[in-house]
Amino acid sequence: MAVNALLRVFLLISAAAVLFFVIRKVKKSQFEAMDAFFWLIFIAMMLAFAVFPGLAYALSGLFGFASPSNFVFLCVIAILLMYVFSLNAKVTHLRGQVNRLIQEVALREKNEGGK
Amino acid sequence: MKTLVIVPAYNEEESLKGTMDELLSMKKGFDVLVINDGSKDGTARICLENGYPLLDLPVNVGLTYGFQAGVKYAQREGYDAVLQFDADGQHMPEYISRMIQCTEETQADIVIGSRFVDDKKPFSARMIGSRVISAMIKATTGKTIADPTSGMRLFRSTVFQPFCQLGDFGPEPDSLAYLIRRGAKVSEVPVRMRDRAAGESYLNLSRSIGYMIRTCMSILFVQWFR
């Protein structure tokens, strides 16, 4: 299966949709600069494959993929996996911070209560 | 030896009073602290009504972090040892002084109240899990721990630090393996335990499987890189 017109349109629409949601999150102050950066890179990649299908052909030929669309899908999956990995680390970090805070609240309350 | 008996309690309103009254009635040579781990029931109220010393965590954090809060308190108040003691009535307070005595005599960093020093382990599903954990500790540390899953353990202040500093470091078998590999000395004192007085055991099938996976993962992989 080649990168046909439908896939290109789908990539374009997806890129526009993601951009819309990113801007909305930034407006509501629910995204920090680094969060927005990741998604803008993601959008740029989708746009690149949509506008220049030759890119997917060249890269998939280089790495020996059976079809360029497979290469596009693999890129998306790989990037998402990396993002899940870093989110996992962030959640663990946050959980540790929250638990330490909860412990500290209790310890201080006990201290102030005069034991 | 200034010892703090830590009683972690999550939704233990049914058994806490019995456990605490028994503990306090024979209390000699140790202080007691209930850790209310964000219980939804009347656990905190029972402590306040009866004047039990209470560390009141505003949110449920689980046994690991709840126990850690107790160790942090003990460290700040200058205790020489902490002893974890179940709120559900399984543990018998008459063995506490024996465990404290043991660490005073042998200078052990950890004393485990062990069900299997003299008696053989029965062949239930739970004890097969216990054997697997014993085997893993033996393989990674060279030490034989007869009862690694006993919830009645004494930790001397020499091993407080990891409880205060590491996340995910609780009163569990994998922490024993970690501390032994860091040179901690472990003794086991024979104790008897009762069936729980009220409520249901925390360990159902899916939780038991999760517990075994976590323990194996921690002893065989995570601990080597901490």
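**Asn60(B) and the fold of chain A**

Asn60(B) sits in the loop that joins strand E3 (54–57) to helix H3 (63–76) of chain B; helices (H or I, at least four residues) and strands (E, at least two) are DSSP runs, numbered from the N terminus. This is a predicted model, in which local features need pLDDT of at least 70 and side-chain atom pairs count only at pLDDT 80 or more, while totals for chains, interfaces and linings use all residues. Residues are numbered from 1 along each chain as its sequence is written, and chains are lettered from A and ligands numbered from 1 in the order in which they are written.

Asn60(B) is partly exposed because it has 15 C-beta neighbours inside 10 Å; a residue is buried with 20 or more other C-beta atoms within 10 Å of its own, exposed with 12 or fewer, and partly exposed in between, with C-beta atoms placed from the backbone. Beyond its neighbours within four places in sequence, Asn60(B) contacts Tyr10(B), Asp37(B) and Gly38(B), a contact being two C-beta atoms, placed from the backbone, within 7 Å. Asp37(B) lies 23 residues from Asn60(B) in sequence, yet their C-alpha atoms are 5.0 Å apart.

Chain A has 4 helices and 0 strands. The C-alpha atoms of chain A fill a box of roughly 75 × 35 × 15 Å along the principal axes. Of the 115 residues in chain A, 15% are buried. Among contacts in chain A with a separation of 6 or more, 57% link residues 24 or more positions apart.

The mean pLDDT of chain A is 90, and 96% of the residues score at least 70; pLDDT is the predictor's confidence in each residue, from 0 to 100.
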